[in-house]
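Q: Could you take a close look at one part of this model for me, the place where protein and DNA strand meet? I would also like to hear how the protein copies sit together around it.

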Number of protein chains: 2
Amino acid sequence: MSREDRREQILDAAAHVVAQVGLAGASTDVIAREAGVSQPYVVRTFGGKQPLIDAVFSRMRDRVVGTFADAPLDGSAVECMGEAYVRLVRDRDTLLVLLHAFAASGDPRIGEVTRDCMRRVFEIVAGRFGDDAEAAAFVGQGMLINVLLAMDAENHPDLARLVTASAALPGAAGS
Amino acid sequence: MSREDRREQILDAAAHVVAQVGLAGASTDVIAREAGVSQPYVVRTFGGKQPLIDAVFSRMRDRVVGTFADAPLDGSAVECMGEAYVRLVRDRDTLLVLLHAFAASGDPRIGEVTRDCMRRVFEIVAGRFGDDAEAAAFVGQGMLINVLLAMDAENHPDLARLVTASAALPGAAGS
DNA sequence: GTCTATACTAGGATAGAC
DNA sequence: GTCTATCCTAGTATAGAC
């Protein structure tokens, strides 16, 4: 297999592991097993754990921003952005890596990624809405839904009321 | 010093370390140094790292819920809940521990804490607002502000537009 | 391009002294 | 109640074979 294919394969595995246990908890050993390669190969391919984690977060940002950038153009802004968001949250690993990145934004490397991600998503959303306040409300709503998804709220009846209320907000697009 | 005082002291240190590096990254060694005690003492006091981390998250939930439960009663719902939220985010460690907990909600223990936290905060807020949709919007807005604080958005001019738009939302209470 | 073997460090936990 | 010394496991990284 080519180096590039392996890289992607390992990044998938790394994103999956980071999603589950966070950056510090993600061992190159478990990532390697998940990818079906040896641990030293993972280290060698990326030059260490740190560069690997950086790559995981960068790719996450690109995917998040890309999802909104590629949003459909037909229909209202709420529909288009809502549809983009629905596509985004289908990739659970990306969503969880995003949450881990937010929590770890105190780290300069990661903070740069999350700020960049935030800024670009907001600019895209605001551009479509044509209104900063509405865009901020949309993003905030997305944040709430993100954490509800992370805590598996749909399968916990005691959160049903909040889930219903969140999904009913404008822009939730029936997700 | 009494066992109880030491417990609190270590919990403070643990919350601070977890806030910076996450649960997996928080070593009992660093926590001990932060608290000014020996590493074996930390382990001994809580019976291991896991119970210590559990205690950190439980205390975080109690503080978050308590802040809203103790919100002032004078003024409008937006003002009261906004004021409670402003008090909450003054404790940076609690805020960051909350974000780490969200990301780690896949873990059953932690998921239970975050869901409990979410449910109770939402019920308090919804009770004050008298409207689930408004309450959900308020919480979503809080989520957005949380991550903006985590990524130190105030000190990054390229996020000024988003910060301004978020702060201008109803309920932000000039935070 | 990928593995096995291995070196080295860090981290959690225990034993026992004070 | 608190420490020092220490054990053991896990985790990152390197060397070198295939």
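A: Of the atoms of DNA strand C that lie within 4 Å of the protein, 63% are sugar or phosphate atoms and the rest belong to bases. Please keep in mind that this is a predicted model, where local features need pLDDT of at least 70, side-chain atom pairs count only at pLDDT 80 or more, and totals for chains, interfaces and linings use all residues. Residues are numbered from 1 along each chain as its sequence is written, chains are lettered from A and ligands numbered from 1 in the order in which they are written, and side-chain values use heavy atoms, with hydrogens and water left out.

Around DNA strand C you will find 16 residues, the closest being A:Arg6, A:Ser38, A:Tyr41, B:Thr28 and B:Lys49 (a residue is near a strand if one of its heavy atoms lies within 4 Å of it). By class, this surface has 6 nonpolar, 5 polar and 5 charged residues (Ala, Val, Leu, Ile, Met, Phe, Trp, Tyr, Cys and Pro count as nonpolar, Asp, Glu, Lys and Arg as charged, and the others, Gly among them, as polar).

Now for the phosphates. The side chain of A:Arg6 has an N or O atom 2.8 Å from a phosphate oxygen of DNA strand C, and for a polar side-chain atom of A:Tyr41 the distance to a phosphate oxygen is 2.3 Å.

Helix 3 of chain A gives the most, with 3 residues.

As for the two copies, chain A can be laid on chain B with an RMSD of 0.0 Å by a turn of 180 degrees and a shift of 0.0 Å along the axis (superposed by least squares on C-alpha atoms of residues with pLDDT of at least 70 in both). They are thus related as by a two-fold rotation axis, and in chain A the C-alpha nearest that axis belongs to A:Gly140, 2.3 Å away. The copies meet through the same surface, because 100% of the interface residues of chain A are also interface residues in chain B.

Terms used
Contact = heavy atoms within 4.5 Å. Polar contact = N/O pair within 3.5 Å; in protein donor to acceptor, adjacent residues only side chain to side chain. Helix = DSSP H or I, 4+ residues; strand = E, 2+ residues; numbered from the N terminus.
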